[in-house]
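Welcome, and take a moment to look over the fold below. We will walk through it step by step, from the overall layout to the pairs of charged side chains.

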Amino acid sequence: MIVVTTEQIEGKRVTETLGLVKGSTIRARHIGRDVMAGLRNVVGGEVKDYTVMLAQAREEALGRMIDQAEKMGANAIICTRFVTSMVMSGAAEMVAYGTAVKVE
């Protein structure tokens with residue numbers, strides 16, 4: 001599966017547009033990580049536990065989007081975007097979405 005953020009794929013021609021595909025996951029904070037994040041906020045620097053958590057959430061959302069596109073018969077996804085939003089206190093949703101297409 002080819003996944004790009006652009007409207008076209010270099011060297012490929014879109015032959016069919018299949019529609020919107022999306023994948024999402026919701027992740028909750030961990031109290032131990034919150035304590036460390038609070039300390040990191042005081043002294044500065046990267047909060048690696050959250051960096052890893054968000055990277056995993058992006059990969060999971062991307063995988064779910066790709067699964068949906070494959071079920072539709074797509075071999076590529078164009079115009080891919082990621083969005084995150086707070087669902088409730090301590091939990092955030094990561095969404096990947098794009099347009100499923102067939103290319104040749």
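The protein chain holds 2 helices and 4 strands, where helices (H or I, at least four residues) and strands (E, at least two) are DSSP runs, numbered from the N terminus. Reading from the N terminus on, these elements follow the order β-β-α-α-β-β. Please keep in mind that this is a predicted model, in which local features need pLDDT of at least 70 and side-chain atom pairs count only at pLDDT 80 or more, while totals for chains, interfaces and linings use all residues. Residues are numbered from 1 along each chain as its sequence is written, and side-chain values use heavy atoms, with hydrogens and water left out.

Let us begin with the strands. Two strands are said to pair if DSSP finds at least two bridges between them. Strand S1 (residues 2-3) runs parallel to strand S3 (residues 76-88), and 2 bridges join them. Here Val3 stands opposite Ile77 in S3. S3 also pairs with S4, this time in the antiparallel sense and over 10 bridges. You can follow this pairing through Ala76, whose bridge partner in S4 is Val101, and through Thr84, which stands opposite Met94 in S4. S3 and S4 form a hairpin with 2 residues between them, and Gly90 in the turn has a positive phi of about 90°. Strand S2 (residues 14-28) pairs with S4 as well, in the antiparallel sense over 13 bridges. In this pairing, Val14 stands opposite Val103 in S4.

What lies in the interior? A residue is called buried under 20% relative accessible area, exposed over 50%, and partly exposed in between (1.4 Å probe, protein chains only). Of the 104 residues of the protein chain, 27% count as buried. A nonpolar core is a set of buried Ala, Val, Leu, Ile, Met, Phe, Trp, Tyr and Cys residues joined through side-chain atoms within 4.5 Å. The largest such core has 12 residues, among them Val21, Leu62, Met65, Ile66, Ile77 and Met94. Helix H2 (48-71) and strand S4 (91-103) each supply at least two residues of this core, and the largest share, 6 residues, comes from H2. There is also a second, separate core of 6 residues, which includes Val4, Ile78, Val101 and Val103.

Not counting residues up to four places away in sequence, Met65 touches Val3, Val21, Lys22, Gly23, Ile77, Thr80, Ala96, Tyr97 and Gly98; contact means heavy atoms within 4.5 Å. Across the protein chain, among contacts between residues at least 6 apart in sequence, 75% join residues at least 24 apart.

Now turn to the outside. The accessible surface of the protein chain comes to about 6800 Å², of which 54% belongs to carbon and sulfur atoms; such areas come from the Shrake-Rupley method with a 1.4 Å probe, and for residues only the protein chains shown count as cover. Leu20, Val83 and Tyr97 form a nonpolar patch on the surface, with about 260 Å² of accessible area together. Patches are made of residues with over 30% relative accessible area and no salt bridge, with like charges joined within 9 Å and nonpolar side chains (Val, Leu, Ile, Met, Phe, Trp, Tyr) within 5 Å. Tyr97 has its place in strand S4 and counts as partly exposed because its relative accessibility is 32%.

Finally, consider the charged side chains. Side chains of opposite charge can pair when their charged atoms come close. A search of the whole structure finds 4 salt bridges, each defined as a side-chain nitrogen of Lys or Arg within 4 Å of a carboxyl oxygen of Asp or Glu. One of them brings Glu104 and Arg13 together (2.5 Å, N to O). This pair links the segment after S4, where Glu104 lies, to the loop between S1 and S2, where Arg13 lies, 91 residues apart. Glu104 counts as exposed, at 54% relative accessibility.

Lys102 and Glu16 form another salt bridge (3.8 Å, N to O). Lys102 lies in strand S4 and Glu16 in strand S2, so this pair ties together parts that are 86 residues apart in sequence. Glu60 in helix H2 and Arg27 in strand S2 are 33 residues apart, and their side chains also meet in a salt bridge (2.3 Å, N to O). Arg27, Glu60 and Arg64 are linked in a network of salt bridges.
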